[in-house]
Amino acid sequence: MSKIIGVIGAGTMGSGIAQVAAQCGHPVYLMDANVEQLARAKSGLSKSLEKLVEKGKFTSEQKTNIESNIQYVSQLEGLSSCDLIIEAIIEKMEVKHSVFSALEKIVSSDCILASNTSSLSIASIGSSLKKSDRIIGIHFFNPATIMPLVEIIPAVQTNEATINQAVSLIQSWGKTVVVCKDTPGFIVNRVARPFYGEALRIYEEGIADFATIDWAMTHFGGFKMGPFTLMDYIGNDVNYAVTESVFTAFYYDPRFKPSFTQKRHSEAGFYGRKTGRGFYNYAEGAIMPLPTMDEELGKKIFERILVMLINEACDAVFMQVASVQDVDLAMTKGVNYPKGLLAWAEELSLDWVLMELNTLFDTYGEDRYRPNALLKRMVKNGDKFYS
Ligand SMILES: NC(=O)c1ccc[n+]([C@@H]2O[C@H](COP(=O)([O-])OP(=O)(O)OC[C@H]3O[C@@H](n4cnc5c(N)ncnc54)[C@H](O)[C@@H]3O)[C@@H](O)[C@H]2O)c1
């Protein structure tokens, strides 16, 4: 029999997760404290499925069945029969704690309790439970219906059965699953930080403007969007908050230092597309600035950001956050990187990556640029990530 899935929070992520589960035939209970949000989620789901019918992915009958798989509830009590519940509410620890401890009184003792948190510790969320070996992080990417990656994060309290059940269930939804350690930013939100941070630093040093840095990353790197276009898309408020939280959680490691430029844009309300202005102006009739297409400069910018990304990917492997394969899979399936960073490093040669990082480290003398110990060891021993 199909497992009964509960989702708490019918916002951006929760409604997407509920749709994915309903499309896979599960009975789903979607709960939100705000009844208007439930109504919005219901009509949003209908529109989203209508588009899939138009594209020929589902028939009208299938659409009706999927919609009838979801029950909308405004009380936690409505989730009492669930086998797995994924929480996707506001990113505040104290609110998550109170929801999970209330939830535990309602569900069966073997119901798996998961959080879709992007930045909070799963161990801490689990501490609000009496039976905390059933807590797990199940982290979808936005939009959950489209992005194939799901990071699964066992906490120190989580038992093997919970991990195995979560992995096989999410895989059965057609998602690419990577299992990673309960460390700040998990894989993607940790390894991707230099894509934004180093681009901002290059801008702050006056090396190039936003448009030129974006051009360098799309033209030389093959990234779908440059960092400033992407930050405007994500929202500078959201992206800055993630950077600040990762920086704080890493005990202020300079590798993750947030940027004043992004902070000021966020403070000014220049969030990006959603407010009509971010690093770029999206007002009607506004002219997009053109990049300086200097090939030598563009290549230098791309290489500097890329080696910083590779250094971070090496650190995730070095600190056992995830395997080489999973770090590469996470970046290609979670944020659409054109290649896995460790495979890319190998293509360019690990010696060259280390040499570039050493040059940055010598130039700036900042800890931010220190080459990762695993990379140094691999170069010394002539080892490869994929041999
Ligand atoms: N937005 C993203 O790109 C993204 C990506 C991955 C993970 N996440 C994580 O997913 C979670 C949700 O993010 P979102 O962007 O969907 O938020 P959102 O603001 O779109 O939705 C949150 C929903 O939770 C509801 N809610 C708040 N408190 C509640 C409570 N106590 N009980 C029941 N419902 C409650 C709100 O009414 C709202 O509808 C966060 O933990 C976030 O870190 C977000």
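Trainee: Why is Phe 186 called buried rather than exposed?

Mentor: In this predicted model, Phe 186 has 26 other C-beta atoms within 10 Å. A residue is called buried if 20 or more lie within that distance, so Phe 186 is buried. Its place is in the loop between β8 and α7 (188-191), and its phi is near 50°, a positive value in a residue other than glycine.

Trainee: What makes Tyr 252 exposed?

Mentor: Tyr 252 has 9 other C-beta atoms within 10 Å. The limit for an exposed residue is 12 or fewer, so Tyr 252 is exposed. Tyr 252 belongs to the loop between α11 (236-249) and α12 (260-267), and its phi is positive, about 60°, although it is not a glycine.

Trainee: How do α8 and α13 pack, in terms of angle and distance?

Mentor: Two packed helices are described by the angle between their axes and the distance between the axes. For α8 (residues 193-204) and α13 (residues 295-318), the angle is about 140° and the axes are 9 Å apart. The crossing is right-handed. Arg 193, Pro 194, Phe 195, Glu 198, Ala 199 and Ile 202 of α8 make the contact with Ile 301, Arg 304, Ile 305, Met 308, Leu 309 and Glu 312 of α13. By class, the residues of this contact are 8 nonpolar, no polar and 4 charged.

Trainee: What is the strand order of the open sheet?

Mentor: The open sheet has 8 strands in the order β3-β2-β1-β4-β5-β6-β7-β8, and its pairing is mixed.

Trainee: Why do β3 and β8 stand at the edges?

Mentor: β3 (70-73) and β8 (176-179) each have a single partner strand, so one side of each is left without a neighbour in the sheet. From one strand to the next, the twist averages 25°.

Trainee: How do you know that β4 pairs with β1 and with β5?

Mentor: Pairing requires at least two bridges. β1 and β4 run parallel and are joined by 4 bridges, and β4 and β5 pair in the parallel sense over 4 bridges; both therefore meet the requirement. Ile 8 has Glu 87 as its bridge partner in β4, whereas Ile 85 has Leu 113 as its partner in β5. Within β4, Leu 84 and Ile 86 point one way and Ile 85 and Glu 87 the other way, and all are buried.

Trainee: What makes β5 and β6 a pair?

Mentor: β5 (residues 112-115) and β6 (residues 135-140) share 3 bridges in the parallel sense. With at least two needed, they therefore count as paired. Ser 115 stands opposite Gly 137 in β6.

Trainee: Which residues come nearest to the ligand?

Mentor: Of the 22 residues around the ligand, Gly 9, Gly 11, Met 13, Ser 118 and Asn 142 come nearest. The shell has 10 nonpolar, 10 polar and 2 charged residues, and α1 gives the most to it, with 3 residues. Asn 142 is also joined to Pro 143 by a cis peptide bond, with omega about -5°.

Terms used: Residues are numbered from 1 along each chain as its sequence is written. This is a predicted model: local features need pLDDT of at least 70, side-chain atom pairs count only at pLDDT 80 or more; totals for chains, interfaces and linings use all residues. Axes are lines fitted to C-alpha atoms, for helices over the stretch in contact, and angles run from 0 to 180 degrees between N-to-C directions. Helices (H or I, at least four residues) and strands (E, at least two) are DSSP runs, numbered from the N terminus. A crossing is left-handed if the near helix is turned anticlockwise from the far one by less than a right angle, and right-handed if clockwise. Two residues are in contact if their C-beta atoms, placed from the backbone, lie within 7 Å. Ala, Val, Leu, Ile, Met, Phe, Trp, Tyr, Cys and Pro count as nonpolar, Asp, Glu, Lys and Arg as charged, and the others, Gly among them, as polar. A residue is near a molecule or strand if its C-beta atom, placed from the backbone, lies within 6 Å of it.
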